[in-house]
Amino acid sequence: MTPEPAVTAPLRADRPVLPVAAWEPTRQTLHMWLQIVGKTRMTNAAPLNHYWHVTLLPSSRGLTTGVVPAPTGPFEIEFDFCDHVLHLRTSEGQHRAIALESMTVADFYTRFVAAASEIGIPVDIHAAPNEVDPAIPFADDVEHATYVGEHATAFWRQLIDAHTELQHHRAGFTGKSSPVHFFWGALDLAVTRFSGRDAPTHPGGVPNCPDYVMAESYRAELSSAGFWPGGGAEGAYYAYAYPAPDGYREAPVPEGARYDDALGEFLLPYEVVRAAADPHALVQDFLDATFRAARHPGDGWGSGVAG
């Protein structure tokens with residue numbers, strides 16, 4: 001197996017350098033592992049509007065399901081990207097741990113199901129990934145088998161950085177808003193604001209994802225923003241509206257940001273943020289500018305809106 005390139009030293013201590021191309025093998029493997037755990041939360045949690053019950057949450061050490069009120073008893077599963085361990089815990093004090101190291105998705109799935117079963121966590125999931133193509137069943141996936149801990153830690157630190165920025169953005173809006181949460185399907189951290197009005201039915205068409213999931217997720221008019229490991233050399237902040245109003249793509253945004261026609265969203269590359277004289281101000285200007293562009297005529301977007 002060819003070693004992955006080393007991550008270079010960060011220009012800023014709180015904003016790691018993680019080229020997307022440098023960690024692709026780890027990213028692809030970790031993506032599948034995150035889907036397995038995310039699906040376990042989804043099938044045990046009470047359904048929430050917009051499929052908010054499927055997400056993972058940033059933690060002080062990685063990504064967690066949070067407390068899941070399963071019929072067999074509450075549990076939590078956490079990826080620890082500091083010590084590189086997956087922790088499975090129940091409210092009865094039971095605990096199992098799986099070392100995060102290079103292994104196939106099939107091996108991870110086998111170890112995870114065994115550990116969960118030992119402490120009564122149900123793993124009754126559709127055991128193949130969503131939003132990717134091809135969707136190799138987890139038990140058959142011997143293609144993805146790389147885990148470089150340094151890369152996983154750097155990605156988590158990007159997420160923590162983005163979580164701080166998105167929480168700040170969320171605080172400037174008093175209307176209906178989602179939590180800042182991590183979607184394991186597309187591997188992105190997101191926060192969404194809602195106008196209070198219904199939206200046209202989403203057409204679906206996302207690879208290996210039922211159209212009804214997209215219809216529920218986008219059933220209300222929204223403006224969404226987040227961070228994902230794509231769209232730039234080191235990942236990017238993004239923003240989009242559904243449905244997008246006329247003139248949305250021509251809206252003015254800060255220097256370094258752009259509208260991507262293929263993705264249908266605005267992008268602000270992470271490397272641009274890191275190099276900025278005031279990264280926080282740049283990100284907030286981007287988030288505020290794209291939200292202003294997303295607002296349709298009429299009332300319903302709440303009050304206390306930043307920008």
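I take helices (H or I, at least four residues) and strands (E, at least two) as DSSP runs, numbered from the N terminus. On that basis I get six helices and 11 strands in the protein chain.

Ground rules for these notes. The model is predicted, so I ask for pLDDT of at least 70 for local features and 80 or more for side-chain atom pairs, while totals for chains, interfaces and linings use all residues. Residues are numbered from 1 along each chain as its sequence is written, and side-chain values use heavy atoms, with hydrogens and water left out.

Overall shape next. I looked up the radius of gyration (over C-alpha atoms; the globule rule is 2.2 Å times the number of residues to the power 0.38). For 307 residues a compact globule would come out near 19 Å, and the protein chain has 19 Å, which agrees. The C-alpha trace spans about 55 × 45 × 35 Å along its principal axes.

Then contacts, meaning heavy atoms within 4.5 Å. Among those in the protein chain with a separation of 6 or more, 62% join residues 24 or more positions apart.

Burial: I call a residue buried under 20% relative accessible area, exposed over 50%, and partly exposed in between (1.4 Å probe, protein chains only). By that cut-off 55% of the 307 residues are buried.

Last, I zoomed in on Thr40, which sits in helix H1 (residues 24–44). Is Thr40 buried or exposed? Thr40 is buried because its relative accessible area is 0%. Leaving out residues up to four places away in sequence, I find Thr40 touching Phe75, Ile77, Phe112, Ile121, Pro122, Val123 and Ile125.
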